[in-house]
Structure formats: structure tokens, C-alpha cells
Amino acid sequence: MPEDYGLTEEREGAAGDEWADLDVTDDEADRIARQQDRDFTHFLERLKDADQFKATGAVFDDATYAAIYKLVQDGHLTAMGGPISSGKEAIVFEGLAPDDEDVAVKIYRVSTSDFKQMADYLEGDPRFEGVRDDKKAVVVAWTQKEFSNLERAREAGVRVPDPLGVQRNALVMELIGEEGDPAPTLHDVEVENPQTAYEVVREYMWRLYAAGLVHGDLSEYNVVVYDGELVVIDVGQAVTIHHPNSDDFLRRDCENVAAFFARQGVDATADDLYEHVVSARDDE
């Protein structure tokens, strides 16, 4: 039986245009790192010695380890596993929640991240005014923004990883896939029902836009297939529709998505997809 990809009917209750401020001031993790007590010092020694951190060549400051420590204290995490993916800006590890559920722990690098390539996403965003020249503040704000984007997407009825906790530059979220076996992307599978898959992705884009968001980097590489559903991932760069580059980002998303599904035999064009998505706010 062809996959239906788990699209729900709910389209109501999407978030409005409100947007929470991002607090980049020193938080509890920074204070823990400055005032190392015996428990944190012991935790720090064990974590730095863990094989999974050595294997990725992770370069984290003490405040990053303190962020992980705080996530443990707050009940979001009980153990760290091996790496799922590693990039220049972030490393994603498997983790374990207190209820024995597998989770993903995304840690943005502070010392080695190069956010110059993300300038188009930061420029014009009032939340990043005054922090664009402060690498630590940018990384912390970016992590908070990803958490907020995930929450907002879920409220809009888009299937994304469930955000569970955030502290400084560390984000805990639902693991999409099984332990040791992350879910494949659309690019990596033979799409069983391309027409249905296209309609689901198109609806997700509509719902995001109705909620005032544009993904900004949507393609077959950041939509994964898991348990009969399509799940949108990597929403850290998503911007509001009021961002000066939001229309350019949306048109690029439409081009990427339409081109992929056209190769699968679907009658999809970037222009038609764009018109459908922006119709989400025609009533305003």
C-alpha cells in the first residue's frame, strides 16, 4: 500500500506573527562554568574523557559542558551517546531522556563556528541586532531560535522533531529514527508515492507560511522519512515572513522542492508551489 506520509487534517491554531525576544545574556550554564563545584567538576572530567567526544574531535568550552550538565539537572537528559552527524557549526549526538526515550542532542560549536555564511539569515533580523559581532551571543541566539522555530512549526501542524530543552548552545529534541539508525532523507530513499509526498511537503510549507515562517533551506536533504511520516528537520535558519530576504528564501525553497518532485514524475513547478504557499495569508 502506498505511503500516505502521516499528514493530519489540522490547519487551525497556527501561531501569529508574534516573536519572542532571544536572551543572549549569561545564563545558568555560564554561571556553573565560572563557579565549578565538586559535582560539576566530576561531571566535566567524565564528559571530556568520553569516547564519543574524542571521536568527533569536539572542541567545546566549559560553558558548553555546563549547558549539558544543566540539561541533565533539569531532567531533559540522563546520558550522552555517539554522534549522529557532525558539521562545521554543530554536532548532533544521540542521548537518553529520563523516561529511557532516545533523544537527539544538537550542540553548536562556539569556538569554531563560522556564521559568516549565515549572514543572509541574520542580517535584517531585529533579534540579532547588537550581537552579530559577538560569536558566543550569535551561537546562543541561533540555538534559541532553532528551539523557537521547532515550537512554532509544531503549533502550526508541521511534523518536526519535538523540542524538549535548550540551554545556551545545546538543544535536546526528539530523535527521528532509531538508536544507531537515523531516519533517511527523501534524497536517500525510493519515494513510494511521490504525488502524496509532494502534497504533504507543499502543505507543510503552506502551514509554515501561515504561521509566519519560511524554512529558508528546504530540499529533499532536510525532509526525512520515518514511521510512515515525512518530518522536516534543520529549522535553525528559518526566518519570519517579515525578514527582508524571506521572499527570496521562499522562492528558493519552492525551486528546490518542485525540482525534486518533478524528477519523481510529479507535475510540480516552482511558480505554482510559490503561489500556493503565499495564498496561506491572502486573507490578511
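A residue is called buried when its relative accessible area is under 20%, exposed when over 50%, and partly exposed in between (1.4 Å probe, protein chains only). Residues are numbered from 1 along each chain as its sequence is written, and side-chain values use heavy atoms, with hydrogens and water left out. The model is predicted, so local features need pLDDT of at least 70 and side-chain atom pairs count only at pLDDT 80 or more, while totals for chains, interfaces and linings use all residues.

**Exercise 1. Find the salt-bridge partner of D74, and decide whether each side chain is buried or partly exposed.**

Step 1. Start with the rule: a salt bridge is a side-chain nitrogen of Lys or Arg within 4 Å of a carboxyl oxygen of Asp or Glu. Ten salt bridges are counted this way.

Step 2. Now look at D74: its partner is K70, and the closest N and O atoms are 2.9 Å apart.

Step 3. Check accessibility. K70 has 16% relative accessibility and is buried, whereas D74, at 38%, is partly exposed.

**Exercise 2. Work out which residues K106 joins into one network, and where they sit.**

Step 1. Take E146, whose salt bridge with K106 has its closest N and O atoms 3.1 Å apart. E146 belongs to helix α6 (residues 135-155) and K106 to strand β3 (residues 102-108), so this pair links distant parts of the chain, 40 residues apart. Here helices (H or I, at least four residues) and strands (E, at least two) are DSSP runs, numbered from the N terminus.

Step 2. Turn to D234, which forms a salt bridge with K106, the closest N and O atoms being 3.7 Å apart. D234 lies in the loop between β10 (229-232) and β11 (239-240), so its pairing with K106 in strand β3 ties together parts 128 residues apart in sequence. D234 is partly exposed, at 37% relative accessibility.

**Exercise 3. Describe the pairing of F43 with Y69, and say which parts of the chain it connects.**

Step 1. Rings of Phe, Tyr and Trp (its six-membered ring) pair if their centres lie within 6.5 Å; planes under 30 degrees apart are stacked, over 60 edge-to-face and the rest tilted. The count by this rule is three aromatic pairs.

Step 2. The rings of F43 and Y69 are 5.1 Å apart centre to centre, with 55° between the planes, which makes a tilted pair.

Step 3. Locate the partners: F43 is in helix α2 (residues 38-48) and Y69 in helix α4 (residues 62-73), so the pair ties together parts 26 residues apart in sequence.

Step 4. Finish with accessibility: F43 is buried at 10%, and Y69 is buried at 10%.

**Exercise 4. Find the ring under the charged end of K145, and the ring faced by R251.**

Step 1. The rule asks for NZ of Lys or CZ of Arg within 6 Å of the ring centre and within 35 degrees of the ring normal.

Step 2. For K145, the charged end sits over the ring of W142, 4.6 Å from its centre.

Step 3. For R251, the ring is that of Y274: R251 lies over its face, at 3.8 Å from the ring centre.
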